[in-house]
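Please read these comments alongside the coordinates. They go from the chain as a whole to two individual positions.

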Amino acid sequence: ASDDHHKHTHNIELPTIAMDHRTMKTTCACCIAAMLLGGGDAAEGQSFLGRYAPDSDVADVAALDLDQRSIVARLAAESDDGLREAEDVYVNGRISGDQGNDTLTIKSLSTRADDSMGGKSATYDAYKEYYGRADYADHWLRAGFDDGVTEFAKSNADFTKLDLEGRVAAIRYGTAVLNVWINVVGRLEMAASQCTTVAEPIVGKQWDEAVALYTGSIAANAADGTGGEMVYNLAQVECAKFGTCDKGKVAPLNEEIFDAFVDGRAHLRLESCDEAARKAARIKSLATVPLVQGAIRAMYALDVEENPQGTTQGAGAAFAAALLPLVNGCSSGNANIVWTDLAPGEGPGGSFEVVKAALERSYDCLGVSCSDVGGIVNYRGDGYLAGAEPCSDVTWQPKASTPTGGGTAKEDEEDATDPKYWDYSGEWDYRMKGDVDYSANKESSEGSSEDYQSGGAHNGQKPKWSEPGGMDAQHAALFSGLVFGVLGLVMGAVIACACKGKEEKKAEKEFVAPTTISSNGLKTDDENGDGLL
C-alpha cells in the first residue's frame, strides 16, 4: 500500500504505560534530580511511549521509520521494479525529506556515521575495524540491491548466491539491524563519552536521537506501544517468538531499555558521565538480544526445518552480519562459525546446534543471559521446540500466546512453514526435525574456525544429545518405554523360571512310578520310571 499520504507529526504522544513501583521510583528520582539541576523543558508535544520526553526536537529523526516502512512496502513486491523503488527511498529519503531534512536518510545513517561517531563510539569503531570500511552498512546493502559481492576485509557477502526473494529479505532486515542499530548504540556512546567536554544540549540531543531511532514515530504513537519498523519493534516480535514476553504488550526488555534511556538522560544533565556510560552499555547489550534471536531463529528454520527459502537465508545473513563484529570481540572463532553457516547461500548447509552453541558461548561477553534470549516457542505456544530451548536452567514460562493466531493445531502448523512470517508483524514458527548436538565444548569461551572447517563432525565433536537437559521429551519418552519394556520382559522371565522350578520340585516329591498293563492284563511297575516297558 502506498504511504504517500502519511506525514509525520511533531505530536508523538502515547497514554502513559503502567510501571511497577521500582521503575517509578528510579525514573522519578532521576527526573526530579535532573530538573532541579537545570534540565531543559521537553520539546513541545514530543513523547516516546509516554515515558521519555526529549529535550530537543527529534521529530525528523523519528520520522525515518516512515522511510523504512516505505522501503519495506516496495520490497514486498519482490520484483526488480520494487527493488529499484525501494533503493530510491533508501538513498534519497521520502518522508524524512518532507520534514525539511534533505540529508537524513536510511543510507546517510551509514555514509555519515564516521563523521559523527568515528573516535567517539567504541562500538562503531569496532564495526569499522572489523569490516575495514566506515560505510560498511551501506556497502553491504548496496551489494544486495545490485546483486553483487561486498569488498570487506573479512566476512564478505556474495548476494549472487541468493534469489530475488533472498536479497529482498536481506535488505529489509539489513536496513534496521545494520544502519539503524549502530546509530542507536553509537549516539548513546557518543553522548556519554562527550559528557563533560561538549555542551549539554548537544550531548542531550545525541541521546534523544538514539531514543527516536530506536523507537520510531509509529511505535511512539501506537495505543499499545507496539508496531513500527525499527529495532524497538524487532525486539517486540522476537520476544514473543522466544517466550520472554506477553504478545501484544511492551516487552520487559523494552521496558528496561526505556528505564535506561530515562536514567541515562538524567545522568547527562548531572554530568555523571560514568553512570551515563553504564546505561549506554546496558542498552547496547539489551539491543543485541533481538539480533541473537533472529540469527538463532533463521538457523533453526534452515537446518532443522530444512527450509532453504530465500527469505530465510536473507534474514539470517542480515542478522549474522549485524552480530559479527560483536561476537568477534569475544571470539574470532565463534564469529567465523556464525558467518560460515549464515552467509548468503551457505545457510542450507549450516548447523543450528553449532551456531546456537557459538552464540551461547558469547553471551557473557555480550552482556546477555540465557533468560534474556529465551528459546523458540513451539507453534502451539505451550513450550519450546526440541533442541531450541533456552540454555542453562531456564524453564518454560507461559508468557507468549499461541504464535499463529487461533487456528487449529494442524492449520497453525501449516502456517508455520510460510516464509512470509519473517515479516516483523507476522507470525512464523517452526516444527521440530531433530535434536542432535554437534556443538563444541560449551564451557569454552573460544571457538576454532579451523576445527569447524576441517572435515567430519563440526568442531571435531561427535554427535551428542542436545544440551541442556539431555534428551528432548519425545526421545525421553521413547527411551523410558524401551527401558520399562525390557525390565518387564526380564521380570516376567524371572517369575516364570521361579514358578517352573517350584513346580518341578513339587513334582519330584509327589512322583509315583507309573504302571503299565502286561499282555496278560495284570498291572506291573515300570521299573525304569520312564513309562516304557
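The points below concern a predicted model.

1. Overall make-up. The chain contains 22 helices and 4 strands. It has 533 residues, and 52% of them count as buried.

2. Contacts and surface. Taking contacts in the chain with a separation of 6 or more, 70% are between residues 24 or more positions apart. The accessible surface of the chain is about 23,000 Å². Carbon and sulfur atoms contribute 52% of that surface.

3. Setting of T175. This residue is part of helix α10, which spans residues 164-193. Is T175 buried or exposed? T175 is buried, because its relative accessibility is 0% and the cut-off for buried is under 20%.

4. Polar contacts of T175. Its side chain has a polar contact with the side chain of Q68 at 2.7 Å. The T175 side chain also reaches the backbone oxygen of R172, at 2.9 Å.

5. Neighbours of T175. Leaving out residues up to four places away in sequence, T175 touches Q68, Y90, I106, L141 and V180.

6. Setting of A76. A76 sits in the loop between α3 (64-75) and α4 (80-92). Its relative accessibility is 57%, so A76 counts as exposed; the cut-off here is over 50%.

Terms used: Residues are numbered from 1 along each chain as its sequence is written. This is a predicted model: local features need pLDDT of at least 70, side-chain atom pairs count only at pLDDT 80 or more; totals for chains, interfaces and linings use all residues. Side-chain values use heavy atoms; hydrogens and water are left out. Helices (H or I, at least four residues) and strands (E, at least two) are DSSP runs, numbered from the N terminus. Buried means under 20% relative accessible area, exposed over 50%, partly exposed in between (1.4 Å probe, protein chains only). Contact means heavy atoms within 4.5 Å. Accessible areas come from the Shrake-Rupley method with a 1.4 Å probe; for residues, only the protein chains shown count as cover. A polar contact is a pair of N or O atoms within 3.5 Å; within protein, one must be able to donate a hydrogen and the other to accept it, and residues adjacent in sequence count only if both atoms are side-chain atoms.
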